[in-house]
Each structure stands twice: as C-alpha cells, then as structure tokens.
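This briefing is meant to be read beside the sequence and the coordinates. It begins with confidence, moves to the overall architecture, and then turns to individual residues and pairs.

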Amino acid sequence: MDILEIILALMRLVMFSLAMGLTLISFQSYRQQQTTRLEYAFIGFAFISMGTGVMTLNSQFEVISTLMSIAQAVPFIVGFSMLYVSLYR
C-alpha cells in the first residue's frame, strides 16, 4: 500500500467520523425538540453518513462496478434531499 493510499484512507475515515458526529448532534437536537424540521435534518445527516460509509468501503476494493457507483450515490442524493426539505418545511 502506497503512502498516498494510506493518507486517502485516513481522510475518508475522518470524513466518516465527522458525518457520524453531525448525525449524533442532529439526533440529540431532535430528541430535545421534536420538530419536523429537525427530524428531516437528522434523517438527511444519517443518509449522508451512510453514503460516506459506503464510499469508504467501496474505496477498499480495486474494481468498482457501475452498480456500486450507483449504490454509492443514492444515499447522498437522499440525504441532501432530506436536508433541503428540512430547510423549506
């Protein structure tokens, strides 16, 4: 494994950790004030965290098929859509 691959893997791990932290904070906010906006924000951050996790796992494999690329993009699309809805509800 090249040093650049190790750095990239560590950066993806940090990105996943930050996404999980945002998910946790948004869940705690939702538990304190159960509003529809915070619920959608929590769901959005959860999907973004899931997309980051799928991206991190997919990066460990040499061959990424088109199906895996689609599976990698769907959680981000759903997550950002939910955040968009939470801002305009």
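In this predicted model, confidence within the protein chain is lowest in helix α3 (residues 66-88), where the mean is 89, and highest in helix α1 (residues 3-32), where the mean is 92. Taken over the protein chain, the mean pLDDT is 89, and 96% of the residues reach 70 or more. The protein chain has three helices and zero strands, and its elements run α-α-α from the N terminus on.

**Overall dimensions and surface**

- Along the principal axes, the C-alpha atoms of the protein chain fill a box of roughly 45 × 25 × 15 Å.
- The protein chain has 89 residues, of which buried residues make up 22%.
- When contacts between residues at least 6 apart in sequence are considered, 71% of them join residues at least 24 apart.

**The nonpolar patch and I7**

- A nonpolar patch on the surface is formed by I3, L4, I6, I7, L10, M11 and L13, which together have about 690 Å² of accessible area.
- One of these patch residues is I7, which is found in helix α1 and is partly exposed, with a relative accessible area of 39%.

**Helix α1 and helix α2: the F27–F42 pair**

- A search of the whole structure finds two aromatic pairs, and one of them is formed by F27 and F42, whose rings are tilted, at 5.1 Å centre to centre and with 45° between the planes.
- Because F27 lies in helix α1 and F42 lies in helix α2 (residues 36-58), this pair ties together parts that are 15 residues apart in sequence.
- F27 counts as partly exposed at 30% relative accessibility, and F42 is likewise partly exposed, with a relative accessible area of 23%.

**Helix α3: the Y84–Y88 pair**

- Y84 and Y88 also form a tilted aromatic pair, with 5.0 Å from centre to centre and 45° between the planes.
- Y84 and Y88 are separated by about one helical turn, because they are four residues apart in helix α3.
- Y84 counts as exposed at 54% relative accessibility, and Y88 is exposed as well, with a relative accessible area of 64%.

**L24 and its separation from A46**

- L24 has its place in helix α1 and counts as partly exposed, at 48% relative accessibility.
- Although L24 and A46 are 22 residues apart along the chain, their C-alpha atoms are separated by 8.7 Å.

**Q72, a buried residue of helix α3**

- Q72 is found in helix α3, and its relative accessible area of 18% places Q72 among the buried residues, since buried means under 20%.
- If neighbours within four places in sequence are left aside, Q72 is in contact with V54, M55 and N58.

Notes
Residues numbered from 1 in each chain as written. Predicted model: local features only at pLDDT ≥ 70, side-chain atom pairs only at ≥ 80, totals over all residues. Heavy atoms only, no water. pLDDT = per-residue confidence, 0-100. Helix = DSSP H or I, 4+ residues; strand = E, 2+ residues; numbered from the N terminus. Buried < 20%, exposed > 50% of the residue type's maximum accessible area, 1.4 Å probe, protein only. Contact = heavy atoms within 4.5 Å. Patch = residues over 30% accessible without salt bridge, like charges linked within 9 Å, V, L, I, M, F, W, Y side chains within 5 Å. Areas by Shrake-Rupley, 256 points an atom, 1.4 Å probe, with all protein chains shown as cover. Salt bridge = Lys/Arg side-chain N within 4 Å of Asp/Glu carboxyl O. Phe/Tyr/Trp six-rings, centres within 6.5 Å; stacked < 30°, edge-to-face > 60°.
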